[in-house]
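Thanks for coming. Please have a look at it first.

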Amino acid sequence: MTTMATAAPARASQTWYKILYVQVLIAIVIGAIVGWQWPSVATNDWVKALGDGFIKLIKMVIAPIIFCTVASGIAHIQDAKKVGRVGVKALVYFEIVSSFALVLGLVMGNLVQVGRGIAVKPDAAAVANFVKQAEASKTVDFFLNIIPDTVVGALARGDVLQVLLFAILFGFSLMALGERGARLRGMIDDVARAVFGVIAIIMKAAPIGAFGAMAFTIGKFGPAVLGNLIGLIALFYATAAIFVVVVLGLIARLVGFSIFKFIAYIKDELLIVLGTSSSESALPQLMEKLERLGCSKPVVGLVVPTGYSFNLDGTNIYMTLATLFIAQALGVDLTLGQQLTILLVAMLASKGASGVTGAGFITLAATLSVVNPTLVPGMAIVFSIDKFMSEVRALTNITGNGIAAVFVSWWEGELKHGTLHARLNQPADSTSIDVRSTRR
């Protein structure tokens, strides 16, 4: 039987420049300065490789972490019905909160029409590849692709949903074995702890990865690329902030904690996501922190990986805002019926393109194709600034998935409120993962 370590012992005040999130923040600032002042240096392949390499290091451990966490979590459950109950509750939560994100984006896009008067000539060729992928994507294909051709292939590719499916089946199999599976369950728990140790080592390179990713981004696109599109970026940032503070804030308040304390608790993960533009880069560390926060291990193992495909709040806000922006820029007036269609199509498209590179842009193509095909060439209008919005999409997605795990744990009656408040009230420098305090 696994137990959570008791409250961490008091630590000596850590030197500020040795704190991970401070190092990442400094790296992001330096990267932005280098990209702005020396773009030729920042766009060097080796600088780009710093960010790409860090993301690859994190991605290489995502599949084993998900498999071990989910399989072990289910195997330790005595009641098989609980897994199905948690899954249903998670999906209900995802759909409700995602709908709020879509509606909020639609409302803000209509109230603040930043697309009006922007004279940009769209270049359909620039987005042809994304449109082709969107047209080829079908809902039935999405569900069929959840089933891997081989288990080894799913683990090798790091396909989250395929690994998740096998982990659930394997967990149920271990559960059915009872005491005969105890030794194998213990081995899986040990492997999980070892992989978290690998993550702790990788995280020491987070500042280097954040520097490379930010320097290359600013160096390639530059401040001037924003131009007349700065309004869309600002509106998207503001809408995402409203969603996090108001919608997720009310959910957090219902459970009994402050959204601002939660954000402070996962600040390391948020800064890593900000530097790398990838919410996956912080997935393993987020799962570990949620367990330490008092969330049930089975709930975290099921909700967080599933949320990366079914609970993309930032992507949903982006799709509705970008669709309205393009329509306004091209002078196309969308009817109420067409705007309602945006909600339905975007809800489905955000699931179908999960796990695909450039998923936000691909789902936008799918949405535009259904709502009004004449809007598809206008995707080139937002193509150049998509990079500047991908960071906020990722930040909103990871925050939403963290709150989802806490809420479902609370809904299940398995949230340890004492641990929750103790962790959220800890000093800012004591919330990072310490391998020695993981489950034993």
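A cavity is a set of points on a 1 Å grid over the protein atoms alone where a 1.4 Å probe fits but cannot get out. Points are joined across faces, edges and corners, and the volume is the space filled by probe spheres set on them.

Before going on, the ground rules. This is a predicted model, where local features need pLDDT of at least 70, side-chain atom pairs count only at pLDDT 80 or more, and totals for chains, interfaces and linings use all residues. Residues are numbered from 1 along each chain as its sequence is written, and side-chain values use heavy atoms, with hydrogens and water left out.

The second largest cavity holds about 30 Å³ of space. Its lining, meaning residues with an atom within 4 Å of a point, includes Gly109, Leu232 and Phe325. Two or more lining residues come from each of α11 (230-255) and α16 (313-329), and α16 gives the largest share, 4 residues. Helices are DSSP runs of H or I, at least four residues, numbered from the N terminus.

By type, the lining has 7 nonpolar residues, 2 polar and no charged. Nonpolar covers Ala, Val, Leu, Ile, Met, Phe, Trp, Tyr, Cys and Pro; charged covers Asp, Glu, Lys and Arg; the others, Gly among them, are polar.

Now charge pairs. How many salt bridges does the structure hold? There are 5, each a side-chain nitrogen of Lys or Arg within 4 Å of a carboxyl oxygen of Asp or Glu.

Lys89 and Glu412 pair at 2.7 Å, N to O. Lys89 is in helix α4 (residues 81-111) and Glu412 in the loop between α20 (386-411) and α21 (417-424), so the pair ties together parts 323 residues apart in sequence. Are these residues buried or exposed? Lys89 is buried at 14% relative accessible area, and Glu412 is buried at 13%. Buried means under 20%, exposed over 50%, partly exposed in between, with a 1.4 Å probe and protein chains only. Arg85 joins Lys89 and Glu412 in a network of salt bridges.

Lys297 and Asp189 form another bridge, at 3.5 Å, N to O. This pair links helix α15 (residues 297-310) to helix α9 (residues 182-202), 108 residues apart.

Last, Asp190 and Arg193 meet at 2.2 Å, N to O. Both lie in helix α9, 3 residues apart, about one turn of the helix. Asp190 is partly exposed at 43%, as is Arg193 at 24%.

Definitions and conventions: 1 Å grid on protein atoms, 1.4 Å probe; cavity = no way out; pocket = protein on both sides within 12 Å on 5 of 7 lines; lining within 4 Å.
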